Each structure stands twice: as structure tokens, then as C-alpha cells.
Amino acid sequence: MNGVPIPMALLAELTHRCPLKCPYCSNPLELTRRSNELSTAAWIDVFQQAAAMGVLHVHLSGGEPASRRDLEDLTEGARAAGLYTNLITSGVGLTRDRLKALADRGLDHVQLSVQGVDAETADRIGGFKGGFETKMRLAGWVAEEGLPLTVNAVMHRQNLDRLDETIGMAVRRGARRLEVANTQYHGWAYRNRFALMPTPDQVRRGGRIVAEARERLKGEMVIDYVTPDHLGTYPKPCMGGWARIGLCITPRGAVLPCHAAETITTLSFENVADRPLADIWANGPAFTAYRGTDWMPDPCRSCERKTRDWGGCRCQAFAWTGDAGQTDPVCSKSDRHADVRAAAVAEAQAGADAFDYRTF
Ligand code: SF4
Ligand code: FES
């Protein structure tokens, strides 16, 4: 693969099935049915191909990966291929015995999503009664198994005011890392942006709370936090640059440069059943479309940051401009920047709180 970067991480979306109904879900609006999911053998073949390409980590994700009865076999297959295995889970569907079996068969790490700091808030946001208690129980089992835990807290207008308590909860549950994941507005989240978009004040306060907590918790817990970019000056280097360090495979085997890439309806995506993974990564049209810097228009083309943020997010550019090849409009150098910022502020001020829950 001369001149083509080596991917480090694979996001394996094992299934779209999930008992929760989070309104910020980044899965596509049209979800894949169980009958169209890749088989156990097909996934294990994918893991072997990925390892041969140089991939180091696999994130076993969904939907809820525990909805697959063969999760234990898949974990073992990924580990046998030589991959570091991270389970991204809502916790629902994992029993004590199942977690032990996963650990015995090679699970390296657990990333637990949380929707809020108490049952009432969390269960309302996740659309699943009893979810909060289940998650807290799982965190205890993860500690008993001696597995490292990351808490993934997806934040938005309806829970950002409790960020301090969220950090406290992650510490009490023994997390080594907390991802304060500001909602990314793709898929269901884009549909729910009026109910989710944080106000500029909330974002400013959130940044201060994270800075203080990072200082206080040095050596105890790492906190990842990226300021929501529509309120910033420059975009984030989404995916670490398109087709540069990671790739995603959907439940039916479509190979994507980004988990939200199917929202870009002008691209088409190949399937692992039809072509070797390494070939899709190196030469697939969806991957070569925005890899590197040659595709960039101005202002990115002549910008000194172009190999720092890689022009931002292609999915965001498509959502706001209808052209994934445009500069990410959250960038202050984009002529759409003011519109995007004004729209985000208006969405936040609209104050809607009813969710359009993910349905399946
Ligand atoms: Fe990044 Fe392009 Fe904005 Fe420069 S102009 S900061 S490369 S998005
Ligand atoms: Fe797809 Fe940013 S979410 S490139």
C-alpha cells in the first residue's frame, strides 16, 4: 500500500439493534435489520484482514453489541487476530456471567455510555426504563473483572448543566478515562438538534469545569473533551483526517471512512463481501475522495492548518452545504461560518425539550 496511510483503528458496528432509543444516536436513520447483518465468520475474516493491514484496535460497537449472541466468539476472534478489543456498550444485555466470559475470551477494555447522573434523567434521555441501574451495576462488574473502564458521557443542552456531577460519577465508578463527548449532529442527532444544541453559556461553563477537573484529577482519571466546534474558531480534525487513521464497517459490511459517512448521499460505499478490505481502504472511491489535501478548495488549500485539522468534517460540510468537498462551515474562514453559528445559537434558544427518539 505504497503512499497510503496505515489505519490504526477499526470501528466494527456489529449490529444496529439496541434496546435504548437515544435521540443523539449517530446511526443512520435507516437501520440494518438482523437478517442483513454480517455472520460471525464474516466478521472474524474482517478482523484478520484488518490486522494484516496494520490495524491495532477494534472497537466492538453498534447499536448495542451485546444484542449479538455471538459477541463472545467475535471478541475471541478479534483477539486471536491480534487486535486490542474495546467493547462500546450501553451495558444493557450484559449479565455478570457474560461479562466474565468476554473477559476470559480476550476482552481488553470496556467503554460504557451514560446518558445522565440519575435514573430519572438517564432513562428519559435513553428512552429505556432501568437503564441507569443496569449501567451502574455493569461498572461494578467491570471493576471486579479488573478491566479498564472508560465512561462515555454524551453531553447536550439537557444534561450539560450536570457536567460536574457526571465527572464525579465517573470517578466513583473507577473510570480511568472519561470522554465528555459533545453531541455530533449527524443521523438522529441532526434530527433532534433543536432539543440537544447547547447554549454558548453552557459550553463556556463546560470548558471551565473540565479544565478544573483535569487539574484536580491528574494521575487519577483522564478527561477527553472537545469544544463543540460550531461555537469555536476552527473545526476539529474529524476522524484524524478522512481515510487516514481509521475506518468503520457497518452491520451489513459497508466499509466507511467515518461512522456517519452514509449521511453523505453523493458517495457510495463498497462492501467487504465484494472486495478485500485493504483494496477498499487504498483505492475505494469513497476513501480516495477526501484523503490528504489535494481535494481541498480554498480557503483550506492555502491554509497553514490544513494538515492539522484536514479541513474539518466532511459529514458536517455535506449536512450544511450539500457538498462534502467544501470547507467545513464551522471554520471561521468559511463564508458559511456566521450562518452555521447563528443557526446553532437559534436552535439552542428555541428551547425545545421533546425528543424524536430513535426507532427501529
Ligand atoms: Fe482547517 Fe480549512 Fe479552516 Fe484552514 S480553512 S482552519 S484547513 S477548515
Ligand atoms: Fe464524518 Fe466528521 S463525522 S467526517
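The crossing of helices H3 and H5 is right-handed, a crossing being right-handed if the near helix is turned clockwise from the far one by less than a right angle, and left-handed if anticlockwise. Helices (H or I, at least four residues) and strands (E, at least two) are DSSP runs, numbered from the N terminus. H3 covers residues 96-104 and H5 residues 131-145, and the two pack at an angle of about 40° with their axes 10 Å apart; axes are lines fitted to C-alpha atoms, for helices over the stretch in contact, and angles run from 0 to 180 degrees between N-to-C directions. On the H3 side the contact is made by Arg-96, Leu-99, Lys-100 and Ala-103, and on the H5 side by Trp-141, Val-142 and Glu-145, two residues being in contact if their C-beta atoms, placed from the backbone, lie within 7 Å. These residues divide into four nonpolar, no polar and three charged. In this division Ala, Val, Leu, Ile, Met, Phe, Trp, Tyr, Cys and Pro count as nonpolar, Asp, Glu, Lys and Arg as charged, and the others, Gly among them, as polar.

The structure is a predicted model, in which local features need pLDDT of at least 70 and side-chain atom pairs count only at pLDDT 80 or more, while totals for chains, interfaces and linings use all residues. Residues are numbered from 1 along each chain as its sequence is written, and chains are lettered from A and ligands numbered from 1 in the order in which they are written.

Nine strands form an open sheet with mixed pairing, in the order E7-E6-E5-E4-E3-E2-E1-E8-E9. Two strands pair if DSSP finds at least two bridges between them. Strand E7 (222-225) and strand E9 (255-256) are the edge strands, each pairing on one side only.

Strand E1 (residues 9-13) runs parallel to E2 and is joined to it by five bridges, with Ala-12 opposite Leu-60 of E2. Between E1 and E2 the chain passes through helix H1 (residues 40-53) in a right-handed β-α-β crossover; a crossover is right-handed if, with the strands pointing away from the viewer, the path from the first strand over the helix to the second runs clockwise. E2 also runs parallel to strand E3 (residues 84-89), to which four bridges join it, and Leu-60 stands opposite Leu-87 in E3. Strand E2 (residues 57-61) is largely enclosed by the rest of the structure, because four of its five residues are buried. A residue is buried if 20 or more other C-beta atoms lie within 10 Å of its own, exposed if 12 or fewer, and partly exposed in between, with C-beta atoms placed from the backbone.

Elsewhere in the sheet, strand E5 (residues 149-155) and strand E6 (residues 177-182) pair in the parallel sense over six bridges. Met-155 faces Asn-182 of E6 across this pairing, and Val-154 stands opposite Ala-181. The chain reaches E6 from E5 through helix H6 (residues 163-172), in a right-handed β-α-β crossover. E6 pairs in turn with E7, in the parallel sense and over four bridges, and Arg-177 stands opposite Val-222 in E7.

Backbone geometry was examined next. Most residues other than glycine have a negative phi, and most peptide bonds are trans. The peptide bond from Gly-62 to Gly-63 is cis, with omega near 15°, and Gly-63 is found in the loop between E2 and H2. A cis bond also joins Asp-298 and Pro-299, with omega about 10°; Pro-299 is in the loop between helix H11 (285-288) and helix H12 (314-321). Trp-310 also has its place in the loop between H11 and H12. Trp-310 has a positive phi, near 55°, and is buried, with 26 other C-beta atoms within 10 Å. Phi of Ala-243 is likewise positive, near 55°. Ala-243 lies in the loop between E7 and strand E8 (246-249) and counts as buried because 27 other C-beta atoms lie within 10 Å.

Two further residues were considered individually. Glu-347 lies in helix H13 (residues 337-350) and is buried, with 20 C-beta neighbours inside 10 Å. Apart from neighbours within four places in sequence, Glu-347 is in contact with Arg-193, Phe-194 and Met-197. Thr-265, in the loop between E9 and helix H10 (277-283), is exposed, with 9 other C-beta atoms within 10 Å.
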